[in-house]
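Please open the model in your viewer and keep the selection panel at hand. The tour below moves from one selection to another and says what is to be found at each stop.

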Amino acid sequence: MLDRSRIEALRTADVPPMGHVIDGRMTPASDGGTMDVLSPLDGRVLTTVAAGTAQDAEHAIRSARAAFDDGRWSGLAPAARKKIMLKWADLVEENALELAVLGVRDNGTEIGMALKAEPLSAAGTIRYYAEALDKIYGEIAPTDPSVLGLVHREPVGVVGAIVPWNFPLMIGAWKFAPALAAGNSVVLKPAETASLTLLRIAELAVEAGVPPGVFNVVTGAGAVVGEAIGMSMDVDVLVFTGSGGVGRRLLEYSARSNLKRVYLELGGKSPNIVFADAPDLMEAVKVSANGIFRNSGQVCVAGSRLLVERSVHDAFVEALANYARDMKVGDPLDPATQAGAVNSQRQLEQNLTFVEEARAAGREVVTGGGRILEETGGYYMAPTIVTGVSPEDRLARDEVFGPVLAVIPFDTEDEAVAIANGTDYGLAAAVWTADLSRAHRMVRAVKAGVVHVNTYGGADATVPLGGVKQSGNGHDKSLHAFDKYLDLKTAWIKL
Ligand code: NAD
């Protein structure tokens, strides 16, 4: 799949200016406004997208509502929806490399990861929910025989989806695929710095036969388009992946408008806990490095806090630093690259500020710590490991969303649990141990939506992903995701 010559041809291919996808058509902003799309590979303008207005968001919501109400999608036989979605998944797969390269030029993820995690993962997610959609049944309640209690499951109506820039297709598909499979219409807003592939996948939906108005993508600023979706009286459910600050705003929008249900997938400060009895410490080194440094740390579940049992701390950190130094960081369109570009200048500056604060507090930066490859004009940062971090430091409590690992030693299992649970977040975690009982104890004790054992990351569509505490309140993926997009309705029938 990683055909170098094809990638090189696509690297410089012209990307025409793009509008929103509303009512099945590319549509410019109502006032003609555009936003430059800067490529993180070289800091240059790649193309433009529509700078959406509140009117554009309302236009898309009206289209979605009309499509829902007239039943062109919601009223189709499930088997018919399934057929169209399966065709859509095929089209996404056929265009996978084009989509992956376009996405890399837009957001900087290394191509090896981007291909798998973006179009191929999105195609898999569309297929998963397409196959599941005609296996959803209602219920007959065990009532008194003089009545019949039926529980119907109905699509909620119009779903608003607001997504981030790190994996736009993967995370987007986690939301639009189950929502559409359940018969809803969707209005999706991509992040300002990663819109292009979501616009393309919406065009492919139309090509596959998803009727106009059913899946709309509106680009633009969060505070404009995102707010208009959040405040709409005609959006029934709002699903979001992004930062806690914006998540809070969405809850306010809901309270100030129609009390739409809001499901949030937020950030993390996930603890990766290595006990001295890990079955293979070298494997733990490799997986831990990839668990924080791939996609330049811009992964919601990144293992950004490494908790290491003191007896192996120094040797583990040394091996990890060697591995990190050897990682190939740079041009994300080179298939050998292990970590590509940071998404934006702003994110890079934020990453560097965390490192400077840690240095100023006397923490040791054992490798990395700075911007690299500045001559390219792109935004690259060396994998960075900081030791001697106190659980009270900002670096141990706040999400960096960059390639910066905070290392904290511990002495006992109880101490590891206390440190692991000592932040406001609860998204992911990992435990490395050969002791089966300890592994199970840790899975129970660590407050997180997913606890990996002797591995990190890599879960597929069959299992839910969601956070506890301030990492969120909903789950993407798995059949459980349907619960967000289907309402329960009771029919109570006197016999
Ligand atoms: P962000 O919160 O800044 O933006 C996310 C989306 O919200 C974007 O589309 C943005 O335009 C929109 N937005 C911004 N202001 C808004 C407003 N006032 N009203 C409505 N919408 C608004 O997050 P980001 O920088 O794009 O992504 C990084 C964050 O996402 C990190 O915190 C990361 O952990 C989190 N994330 C979480 C998961 C998960 O599954 N839990 C996955 C990936 C990323």
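Predicted model: local features only at pLDDT ≥ 70, side-chain atom pairs only at ≥ 80, totals over all residues.

Begin by selecting residues 30–490, the range that UniProt, in an unreviewed entry, lists as "domain: Aldehyde dehydrogenase".

Next, select helix H14, residues 413–420, and colour its buried residues, which are Glu413, Ala416, Val417, Ile419 and Ala420. If you look down the axis of H14, these buried residues fall within an arc of 165 degrees, so they line one face of the helix. Asp414 and Ala418, on the other side of H14, are exposed.

Now move to the open sheet of three strands, whose order is E5-E6-E21 and whose pairing is antiparallel. Strand E5 (139–140) and strand E21 (486–494) stand at the edges of this sheet, each having a single partner strand, so one side of each is left without a neighbour in the sheet. Selecting strand E6 (residues 147–155) together with E21 shows an antiparallel pair joined by nine bridges. To finish, pick Gly149 and then Trp492, its bridge partner in E21.

Definitions and conventions:
Residues numbered from 1 in each chain as written. Heavy atoms only, no water. Buried < 20%, exposed > 50% of the residue type's maximum accessible area, 1.4 Å probe, protein only. Helix = DSSP H or I, 4+ residues; strand = E, 2+ residues; numbered from the N terminus. Arc of directions from axis to C-beta. UniProt positions renumbered as here; feature names shortened; annotations may be inferred. Pairing = 2+ DSSP bridges.
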